[in-house]
Amino acid sequence: MDPSLNHLISQQTNPSSSRGGQHNDNNSGIQDEQVLMLVFRSMNFDPHVVSIAACVSRRHRAVAKRVLWRELCISRAPRMVTDLSSGAPVARSSSIGGGWHALAKLLFFCPGPGPGHGQAQGHFVQVSRFSKTSGKSFLHKKCWGDLLYVSDPCEHPVEGKEEDLGVYRGVFRGFMRSKTRACLISKQVQLESRVRCPYCGARVWSMTAANMVPKSASRRLGSYEEGLQYCVCVNGHLHGSCWLAHLSDDDGGGDGDGDEDGEECSDEDEDEDDGRIAF
Ligand SMILES: [Zn+2]
């Protein structure tokens, strides 16, 4: 018999032979996982520390991928995660569209203004408020049955511009079965060739190019309609930007010319806070 096969058989029948070596055996994996979970729970899954831990070693990255990112999302945004999981409690083994790592990043990371505005770098955000009421303002009227969470815009000054660039992000529930996706596909909207999702790296549709940006989006953001744009990736992550009107502007708070697209955000109430996330 080939000696290398002998070696394999002895490893399989005698698991201790791999202990202390390069290979992960199950026990040490579980121990690592349990210890790491306790440590991270004690610090309420600080996203900075989880990010650093995920870079420390292959084993830590695997544990982060398997449990830490999901636990971070559940611990920091419980109601939002429940909503995104179709209202069901999140099972330990459950997955989420685009992965938990991408959702965790979305909760805490602003992608920044992007290279088009001279500043490509994103950054961690101290506090974010995600709201599904806000998300509804970003849905085409035909797609109101979808559930979308959108954050408040993060304000970025841009050199040579009077207005600030507002950068916001969001996430759909069950994007694969959403009306928005069905609409994009039935309209045969092409995926963008140069833009990728800052959260999962997947390809994106420009909702501006798809002509699916409702007027309610700029009203919701308090921004100019012109220059407002957002993209949605094939996993249902949204990122976009707008030019923010200064509060001192005369009609900044007004709703302008009525509700011809039928926006009704009557429930701008406490449910706004269900996605408030802070370090
Ligand atoms: Zn994505």
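**Close-up 1. In this predicted model, helix α4 passes helix α6 in a left-handed crossing.** The two helices, α4 spanning residues 58-76 and α6 spanning residues 100-108, pack at an angle of about 40 degrees, and their axes lie 8 Å apart. Since angles from 65 to 115 degrees count as roughly perpendicular and those under 35 degrees as roughly parallel, α4 and α6 are therefore oblique to each other.

**Close-up 2. Residues of α4 meet residues of α6 where the two helices are in contact.** On the side of α4, the residues taking part are K65, W69, R70, L72, C73 and R76, and on the side of α6 they meet W100, H101, L103, A104 and L107.

**Close-up 3. N44 is found in the loop that runs between α2 (26-42) and α3 (47-56).** The phi angle of N44 is near 50 degrees, which is a positive value in a residue other than glycine. Most residues other than glycine have a negative phi. N44 counts as exposed because it has 12 C-beta neighbours inside 10 Å, and the limit for an exposed residue is 12 or fewer.

**Close-up 4. N211 lies in the loop between strand β7 (204-206) and helix α9 (215-221).** Here the backbone of N211 has a phi near 60 degrees, again a positive value in a residue other than glycine. With 10 C-beta neighbours inside 10 Å, N211 is therefore counted as exposed.

How values were computed. Residues numbered from 1 in each chain as written. Predicted model: local features only at pLDDT ≥ 70, side-chain atom pairs only at ≥ 80, totals over all residues. Axes fitted to C-alpha atoms, helices over the stretch in contact; angles between N-to-C directions. Helix = DSSP H or I, 4+ residues; strand = E, 2+ residues; numbered from the N terminus. Parallel < 35°, antiparallel > 145°, perpendicular 65-115°, else oblique. Left-handed = near helix turned anticlockwise from the far one by under 90°. Contact = placed C-beta atoms within 7 Å. Buried ≥ 20, exposed ≤ 12 C-beta atoms within 10 Å, placed from the backbone.
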